[in-house]
Amino acid sequence: MDNFDFKGHKALVRVDLNVPLDGEAVTDDTRARAIVPTVQKILADGGSAILMSHLGRPKGKVNPAMSLRPVARHLEGLLNKPVQFVADCIGEKARTAAANLKPGEVLLLENLRFHPEEEQGDEAFSKALAALGDVYVNDAFGTAHRAHASTTIVAKHFPGAKLFGYLVASELDSLGKVLTKPERPLCAVVGGAKVSSKIEVLRNLIGKCDEVVIGGGMAFTFIKARGGQVGNSLVEDDHLETAKAILAAAENKGARLHLPVDTVVADAFSDSANTDNCPAEAIPAGWMGLDIGPASIKEFSDVIKRCKTILWNGPMGVFEMPSFRNGSLAIAEAIADASTQGAYSLVGGGDSVAAVNQFGLAGKISYVSTGGGAMLEYLEGRILPGIAAVENG
Ligand code: AMP
């Protein structure tokens, strides 16, 4: 971005304005604020910006409840300038609006997913989008793992004139600091509900990390695989072998794997359930582990504090319920403290980001990622099509 002069250019910019709406009000504008630096740079150079995004899942049909029109109004406040809006992203109206756009002006196109061709990665649709601008900017990290028309296919129409916006560049920079050239020791803290959704992440991270901490519901599949009694805790019986293979891989590759030693158990999946503490491998029948216990918090925090690079994806317990948030809070605090002491920390994945925000600790984390699914795929070691489409010429 810094090396490109947008003067006189019409930049077609894929952004992620998939913001939550309550009627016409934007209830969380984190994603909208994240694109402001890229738009401002284009305008400050003397270029114009044609913004395109999806919102929600309209499934290829026009759905007024998922119109981006209210988001255009919200953006005006963030950019402190008018944002034009056009009620389609291709066709005559879009072409005219784009053609009339002057340097310093911003245009937001209507929801891309009102057309089924967007998610199909349709060639003709991406060509119609491409015709609106003369340089392509991808600043939507959250959709970079999708080979959709606007995120990937469109890029081929801009040979030599495609680049990452500031948001995507900073996401890649942050992931690079963790996965490509981390300061060691490198620790990954992985939690959340299911092993099945994180198998590939764990496989990839085990080959790269010095320490791997596993918490959350997924820990119980590992504990059961090692012969523990897990009561009514969340377990994926069809992944016991996977868990064993991951434990073996950790041993072979020299990554130290830490599982919870104790757990906060409850007699129901409820904030008002009766609770107790017990060893993680000896949970009585009828009880379920819903958070990590104090001894695990101590061990995990000690691991985190001796590491120089820390990645966190997935909560340590059912943090949405106050009775089971302690573990995630303590881990977030340990990561924040380590960061204050000079470690580099990256937190990603919808739930862990929600947790650090809820705890008011986001400001103490080195980088809080915006891309849930995209980040997971990157952590799995996959090539993201939206990234490859810009990088490969
Ligand atoms: P994921 O989307 O896989 O990262 O999982 C996040 C969800 O896992 C959150 O909604 C948590 O409430 C849930 N979770 C974390 N720990 C547990 C647990 N011990 N038992 C059941 N659910 C859990």
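User: Which residue has a polar backbone atom 3.1 Å from a nitrogen atom of the ligand?
Analyst: That's Gly217. The model is predicted, so to speak of local features takes pLDDT of at least 70 and side-chain atom pairs 80 or more, while totals for chains, interfaces and linings use all residues. Numbering runs from 1 along each chain as its sequence is written, and side-chain values use heavy atoms, without hydrogens and water.

User: What about Gly289, how far is its polar backbone atom from a ligand nitrogen?
Analyst: For Gly289 the distance is 3.0 Å.

User: And which side chain puts a polar atom 3.4 Å from a ligand oxygen?
Analyst: Asp351 does.

User: How much of the ligand does the protein bury?
Analyst: The protein buries 80% of the 510 Å² that the ligand exposes when taken alone (Shrake-Rupley areas, 1.4 Å probe).

User: Which residues come nearest the ligand?
Analyst: There are 14 residues around the ligand (a heavy atom within 4 Å), and the nearest are Ala193, Gly217, Gly289, Glu320 and Asp351.

User: Switching topic: what lies nearest the centre of the second largest pocket?
Analyst: Gly192, Ala193, Gly217, Pro315 and Gly317, out of 30 lining residues. A pocket is an open set of points on a 1 Å grid over the protein atoms alone, where a 1.4 Å probe fits, with protein on both sides within 12 Å along at least five of seven lines; lining residues have an atom within 4 Å of a point.

User: Which elements give two or more residues to that lining?
Analyst: Strand S16 (288-292), H13 and helix H14 (372-379) do; these are DSSP runs, at least four residues (H or I) for helices and at least two (E) for strands.

Methods. A polar contact is a pair of N or O atoms within 3.5 Å; within protein, one must be able to donate a hydrogen and the other to accept it, and residues adjacent in sequence count only if both atoms are side-chain atoms.
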